[in-house]
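Let's take a friendly walk through a protein model and see which side chains meet which. Keep the 3D view open and click along as you read.

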Amino acid sequence: MTTHDIDQLRQTLAERAEEAPPELGMLATVMAAAPARRRRTVFQAAGAAMAVLAAAVTVPLLLDGGDAPKQHGSAGPAPSTQPTVPPAAPIALPASVTPGKPFAVIEESVIGTTQYLEIRGTSVELGGGAVAVYAAGSFDPEPYKGGEAVTVNGMPGYFNKRYPLPPVTSPLSTTPPETYFATRLVWQTPDDRWLVYTTLDEQSRETTLLGAEALRLTDPRLVRVPMGLPQPADGVRLEAVRTGNSLVALTFATGGLPTPPPEAQVGDTEDGTRTGFVLIMQPRPGMEHAIPQGVAPVRLGEADTWYTENPEESIVSFDPNQSGTLIATDKCVGSIRVKDKQEIPKAEIEAFIAGIDFGDCTDPSTWVALQR
């Protein structure tokens, strides 16, 4: 889904209407169904699987109550440089769908301090859409105040039947930019958060309110992952998270990201961020075909690794001037894609991997709270 194309959001949800991937999630379902293909080298044979592993996958976040995070100790050497970032704190998210309401979450993620959910009604008539939950002080409601004043579960808000999204055009296009419209409902919580619900179609006020009222704010829930992470290199910071159904995708960027628009998706950040790196991990069972055979790995801490700067070897999907590393433990398999190998050289990625305390990707009950 592009950042501004609401039609793509509609198409995405429609395509997923029948998907309910068990255990390993949509990624493993796709990979299990993909035919094996011979490549010229062993690295290339692993590449087809890992290119899929690095692709965007939509899965709900695995969250739990706000208990104190567990700590994992470092299993390898520290990164080559010491970061100058604020003390780590667990990532906690406030919003969810109220149990018993006729809506379900089909995707959940966080970019910066903004939580995103995609929800779908249990009937076609209820529709669904994208929800953004903004931290206090990070959202400007003024453009929406021309809409109809409404209340959502007793909280003040504004209903906009046809809210214009930013024009979309291609750099190579000779036609004028096209403007899309969306039904958008925004409302404010007592703690000064703003929630934005963008529906799939230009839904009625009543139907849109049903979706908005299905959402609730709860005690913050912790995002949990199957590994304890070391600090990355100086200036590199965790900015986006996507995890659930036993898959974890973490985007580390140099510097902060701009506040995303309500129609943003975490996949856009994973693909569009031009700095830092993306770490993806999932359970190893069912992924044995992604492990290179006959090519000796480099052991870093608890993991076997295979590093390349050659896109033709395709360990992970990446562009020129990027690098890719395949990672495998007895319980996990994954990848790291570096956006600029001059900015983050091989030695820094090796130090980061060596410092990861890998847990059990197959058992979410053992996962630990993610620290930012």
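Start with arginine 284, whose side chain makes a polar contact with the side chain of glutamate 288 at 3.0 Å. A polar contact here is a pair of N or O atoms within 3.5 Å; within protein, one must be able to donate a hydrogen and the other to accept it, and residues adjacent in sequence count only if both atoms are side-chain atoms.

Before going on, a quick word on the ground rules. This is a predicted model, where local features need pLDDT of at least 70, side-chain atom pairs count only at pLDDT 80 or more, and totals for chains, interfaces and linings use all residues. Residues are numbered from 1 along each chain as its sequence is written, and side-chain values use heavy atoms, with hydrogens and water left out.

Back to arginine 284. You'll find it in the loop between S14 and strand S15 (298–300). Helices (H or I, at least four residues) and strands (E, at least two) are DSSP runs, numbered from the N terminus. Is arginine 284 buried or exposed? It counts as buried, because its relative accessibility is 19% and buried means under 20% relative accessible area, with exposed over 50% and partly exposed in between (1.4 Å probe, protein chains only). Leaving aside neighbours within four places in sequence, arginine 284 is in contact (heavy atoms within 4.5 Å) with Ile291, Ala328, Thr329, Asp330, Lys331, Cys332 and Val333.

**The nonpolar cores**

Which residues have the most contacts inside the largest nonpolar core? They are Leu250, Phe277 and Ile336, and that core has 32 residues. A nonpolar core is a set of buried Ala, Val, Leu, Ile, Met, Phe, Trp, Tyr and Cys residues joined through side-chain atoms within 4.5 Å. Several elements each supply at least two residues of this core: strands S10 (215–225), S12 (236–244), S13 (247–254), S14 (277–283) and S18 (332–338), plus helix H6 (346–354). The largest share, four residues, comes from H6. Apart from this core lies another one, of 20 residues, among them Val97, Val133, Phe159 and Leu215. In soluble globular proteins, nonpolar side chains tend to be buried together.

**Salt bridges**

How many salt bridges does a search of the whole structure find? It finds 11, a salt bridge being a side-chain nitrogen of Lys or Arg within 4 Å of a carboxyl oxygen of Asp or Glu. Here are some of them:

| Salt bridge | N to O | Accessibility of the Arg | Accessibility of the partner |
|---|---|---|---|
| Arg162 with Glu202 | 2.6 Å | Arg162: 44%, partly exposed | Glu202: 38%, partly exposed |
| Arg242 with Glu270 | 2.7 Å | Arg242: 1%, buried | Glu270: 2%, buried |
| Arg299 with Asp304 | 3.1 Å | Arg299: 51%, exposed | Asp304: 24%, partly exposed |

Now place two of these pairs in the chain. Arginine 242 lies in strand S12 and glutamate 270 in helix H5 (residues 266–272), so this pair ties together parts that are 28 residues apart in sequence. Glutamate 202 forms its salt bridge with arginine 162, and this pair links distant parts of the chain, 40 residues apart: glutamate 202 is in the loop between strand S9 (194–199) and helix H4 (205–213), while arginine 162 is in strand S7 (residues 155–164).

**Aromatic pairs**

A search of the whole structure finds seven aromatic pairs. Rings of Phe, Tyr and Trp (its six-membered ring) pair if their centres lie within 6.5 Å; planes under 30 degrees apart count as stacked, over 60 as edge-to-face and the rest as tilted.

Why is the pair of phenylalanine 139 and tryptophan 194 tilted? Because their planes are at 45 degrees, with the centres 6.1 Å apart. Phenylalanine 139 sits in the loop between strand S5 (128–134) and strand S6 (148–152), and tryptophan 194 in strand S9, 55 residues apart. Phenylalanine 139 is buried at 14% relative accessibility, and tryptophan 194 is buried at 8%.

Phenylalanine 252 and phenylalanine 277 form a stacked pair, 4.7 Å centre to centre with 20 degrees between the planes. Phenylalanine 252 lies in strand S13 and phenylalanine 277 in strand S14, so the pair ties together parts 25 residues apart in sequence. Phenylalanine 252 is buried at 3%, and phenylalanine 277 is buried at 3%.

Finally, look for the cluster that ring pairs build from Tyr134, Phe139, Tyr144, Tyr163 and Trp194.
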